[in-house]
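Okay, thanks for coming, everyone. Let me put the model up and then we'll walk through it piece by piece.

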Amino acid sequence: MEYSELVMEHFMNPRNVGVIENPDGVGKVGNPVCGDMMEIFIKVKDNHIADIKFRTFGCGAAIATSSIATEMVKGKTLEEAEELSNRAVAEALGGLPPIKMHCSNLAADAIHAAIADYRQRLAITSNG
Amino acid sequence: MEKPKKVIYLDHAATTAVDPRVMEAMLPYWTERYGNASSIYSLGREAARAMEEARKTVADILNCEPKEIIFTSCGSESDNLAVRGVAFAQQHRGKGNHIITSSIEHHAIGHTCEQLEKYFGFEVTYLPVDKYAMVDPEDVRRAIRDDTVLISVMAANNEVGTIQPIAEIGKIAHEHGIPFHTDAVQAGGTLPLNVDELHVDLLSLSAHKFYGPKGVGVLYVRKGTPLLPIQTGGGHERQRRAGTENVAGIVGLATALKLAYDHAEENNARITALRERLIQGVLERIPEVQLTGHPTQRLPNNASFAFKYIEGESILLNLDMLGICASSGSACTSASLEPSHVLLAMGIPAEEAHGSLRLTLGNENTEEDVDYVLEVLPGIVEKLRMMSPLYQGAR
Ligand code: FES
């Protein structure tokens, strides 16, 4: 099994690692296949993802996909970010070894979960 | 990305480089002395002679008769021949269909037993291990039934290095007249292999674990042990393993085994000292890590750990960037995406098994190699922990 140079580059120098204090949305997902975990924090401004950070417990592919996925949605509208697919993430990295394709689900799922969390919080505040 | 200048190979449990002296001994058997050991002309007889000499060398180290040595293509084949060969022969004689093995065997044993269970009507008892991955001989005794036809327990574990009480288990097996096999693939080259002292009837070895070539192994089978050949064909290896012999490989295996045991004492002492330097250094410099396997009853070259909050493949990739070769029992590094069955059997939770790292030293490693690992590993662990949602210290 071999990772592309781009995967290794993101893995060794991941972008947007960390935690956002008082985030507008948080998405936490676990990878049922091999038992890994990822969390995404977002800050939303004018319906755009103003800031995004992640933390991932997982393999090289999981960390690299987390990194590139956060880059792909940063500055995008929520609707655009919601459209991010696992496949797009894997493609942006120049592909992943077949056995690692499931890892790319983590990042997109966590981003979608963070946006869902944001929308839910918004609904609660505007209703209450 | 820039490639590191020097490679520090710390995965000797996976395989080793062929010793140049072994290489030299093998060379003529490919080009000049290429005869088929079954042929009657002098070229063939020359090959047969080399093979018989190799058989004698191996037999002397195992303290057995040359005819009790079968050459195979690898450790897995030896394990398959031992388990299937004895199980089928015993079943055929109406002796029963119960096998006892441990829960930490190499897959060559484990998956073979599973297949015998699933397709051939065998029942298998997988013995538990303690937190150090040690089998309790009393558990073996308790598991024995009237229809038990084979006991197989590895001599030393490949992942965590724990050395099993083989002689004790062997005595129990023999009290009950049950053939006893040990997979000594990891032990070969370092631990004593005297088959009488170990009370074993079958023993597997693989040349590439002790600076011999890949593609050649040994199965020792004590005289009188029932064994149905698994690979049938010509009458090679006294009808027990058909197939033209890998003469060069066999010469290489014997040369490597002899070299290993001629120098076992000094090599073991030196490598054990390196191992202790590595283990102590890791435990001192890195918080929240445990040594896996037995603290003292372990292979001289095995240092294995479980780091909390991080995943093994990530550690391996970081080490590889610095030229350090190692391995892990993490789910993410396995083809099945399941964590190591050995670590789970030891009671290590799946998420900690995820953070496992195995460093296995060898003859060419130096103190500088160990110190380099100790210099870079804490930073790698810290970096990955800062990325981990499981690590509270990152907040
Ligand atoms: S996260 Fe486990 S294989 Fe990628």
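So, α2(A) lies across β2 and β3 of chain A, and runs at about 175 degrees to β3(A). By "across" I mean contact, that is, heavy atoms within 4.5 Å. The angles run from 0 to 180 degrees between N-to-C directions, with axes as lines fitted to C-alpha atoms, for helices over the stretch in contact. And helices (H or I, at least four residues) and strands (E, at least two) are DSSP runs, numbered from the N terminus.

Quick housekeeping. This is a predicted model, where local features need pLDDT of at least 70 and side-chain atom pairs count only at pLDDT 80 or more, while totals for chains, interfaces and linings use all residues. Residues are numbered from 1 along each chain as its sequence is written, chains are lettered from A and ligands numbered from 1 in the order in which they are written, and side-chain values use heavy atoms, leaving out hydrogens and water.

Back to chain A. The sheet under that helix is open, with three strands in the order β1-β2-β3 and antiparallel pairing; strands pair if DSSP finds at least two bridges between them. At the edges stand β1 (25–31) and β3 (48–57) of chain A, each with a single partner strand, so one side of each has no neighbour in the sheet. The twist averages 15 degrees from one strand to the next. β1(A) pairs with β2(A) (residues 36–45) over seven bridges, and if you want a spot to look at, Val26(A) has Phe41(A) as its bridge partner.

Now, where do the chains meet? One place is helix α1 (residues 5–12) of chain A, which packs with helix α12 (residues 312–321) of chain B at an angle of about 100 degrees, axes 11 Å apart. That makes α1(A) roughly perpendicular to α12(B), a label for angles of 65 to 115 degrees. From α1(A), Met8(A), Phe11(A) and Met12(A) meet Ser314(B), Leu317(B), Asn318(B) and Met321(B) in α12(B).

How many of the ten residues of α12(B) are buried? Nine, so α12(B) is largely enclosed by the rest of the structure. Buried is under 20% relative accessible area, exposed is over 50%, and partly exposed is in between (1.4 Å probe, protein chains only). Those buried residues pack against α1 and α2 (60–73) of chain A, along with β10, β11, β12 and α15 of chain B.

On to the sheet in chain B. It's open too, seven strands in the order β2-β8-β7-β6-β5-β3-β4, with mixed pairing. Its edge strands are β2 (69–72) and β4 (123–127) of chain B. Within it, β6(B) and β7(B) pair in the parallel sense over three bridges, and Thr182(B) stands opposite Leu203(B). Helix α4 (residues 75–92) of chain B lies across β2, β3, β5, β6, β7 and β8 of chain B, at about 160 degrees to β7(B).

Last bit: aromatics. Rings of Phe, Tyr and Trp (its six-membered ring) pair if their centres lie within 6.5 Å, and planes under 30 degrees apart are stacked, over 60 edge-to-face, the rest tilted. There are four such pairs over all chains. Phe88(B) and Phe120(B) have ring centres 5.1 Å apart and planes at 65 degrees, so they're edge-to-face. Phe88(B) is in α4(B) and Phe120(B) in α5(B), so the pair ties together parts 32 residues apart in sequence. Phe88(B) is buried at 16% relative accessibility, whereas Phe120(B), at 37%, is partly exposed. Ring pairs link these two and Phe122(B) into a cluster.

Methods
Parallel < 35°, antiparallel > 145°, perpendicular 65-115°, else oblique.
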